[in-house]
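Me: I have a model open and would like to talk through the terms used to describe it. Could you set each value against its cut-off for me?

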Amino acid sequence: MVKEIQDWKVGYTNSPDVPPREWYPAKVPGAVRQDYARAKGWEPFYMGTNPQDYRWMEDVYWLYTVPLSFKLEAHQRATLCFKGILYPHKRGNAVRRGRNV
């Protein structure tokens, strides 16, 4: 069974060990700049002098979250498949419920 995940949220923080204070609706696949701009009502980053307003986004950690809800039988397993991640985390780890996996 393949299940598309819809309810992605994204948020930023200054440390990967501290959760974001706010979460914003995200499109996956997508881009954090576009998700943040959409949530805040900003103009696209590529217009006029907007790239300067977006520059700070390169210096923070962006985290995604999504609720997962399914049951597995003892003989079953779940696989989370990403069809493309452009920027891996510096540590190279995925995190589930605050634990590295």
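**Values and cut-offs**

Reply: Buried means under 20% relative accessible area, exposed over 50%, and partly exposed in between (1.4 Å probe, protein chains only). This is a predicted model, in which local features need pLDDT of at least 70 and side-chain atom pairs count only at pLDDT 80 or more, while totals for chains, interfaces and linings use all residues. Residues are numbered from 1 along each chain as its sequence is written, and side-chain values use heavy atoms, with hydrogens and water left out.

Me: What does Asp35 touch, leaving out residues up to four places away in sequence?

Reply: Val10, Pro25, Ala26, Lys27 and Tyr64. Contact here means heavy atoms within 4.5 Å. Asp35 itself is found in helix α1.

Me: What makes Asp35 and Arg38 a salt bridge?

Reply: The term asks for a side-chain nitrogen of Lys or Arg within 4 Å of a carboxyl oxygen of Asp or Glu. For Asp35 and Arg38 the N to O distance is 2.9 Å, so the pair qualifies. The two are 3 residues apart in helix α1, which means about one helical turn separates them. In general, an α-helix has 3.6 residues a turn, so residues three or four places apart point the same way. Arg38, with a relative accessible area of 44%, is partly exposed.

Me: Why is the 2.9 Å pair of side chains, Asp35 and Arg38, also called a polar contact?

Reply: A polar contact is a pair of N or O atoms within 3.5 Å; within protein, one must be able to donate a hydrogen and the other to accept it, and residues adjacent in sequence count only if both atoms are side-chain atoms. At 2.9 Å, the side chains of Asp35 and Arg38 make such a contact.

Me: How many salt bridges does the structure hold, and which residue pairs with Glu58?

Reply: There are 2. Glu58 pairs with Arg33, the closest N and O atoms being 2.5 Å apart. This pair links distant parts of the chain, 25 residues apart: Glu58 is in the loop between α2 (50–54) and β3 (61–65), and Arg33 is in helix α1. Side chains of opposite charge can pair when their charged atoms come close.

Me: How do you know what counts as a helix or a strand here?

Reply: Both are DSSP runs, numbered from the N terminus: helices are H or I with at least four residues, strands are E with at least two. The protein chain has 2 helices and 5 strands, in the order β-β-α-α-β-β-β from the N terminus on.

Me: Which residues of α1 are buried, and what covers them?

Reply: Val32, Asp35, Tyr36 and Ala37 are buried in α1. Their cover includes β1 (9–13), β2, α2 and β3. Ala37 has a relative accessible area of 6%, so Ala37 is buried. Beyond four places in sequence, Ala37 is in contact with Trp42, Glu43 and Tyr54.

Me: What makes a group of residues a nonpolar core?

Reply: A nonpolar core is a set of buried Ala, Val, Leu, Ile, Met, Phe, Trp, Tyr and Cys residues joined through side-chain atoms within 4.5 Å. The largest one has 12 residues, among them Trp8, Val10, Tyr54, Met57 and Trp62. Helix α1 (residues 32–40) gives the most to this core, with 3 residues. Leaving aside neighbours within four places, Trp62 is in contact with Val10, Gly11, Tyr12, Val32, Tyr36, Trp56 and Met57.

Me: What is the peptide bond from Val28 to Pro29, cis or trans?

Reply: The bond is cis, with omega near 0°. Pro29 is found in the loop between β2 (24–25) and α1.
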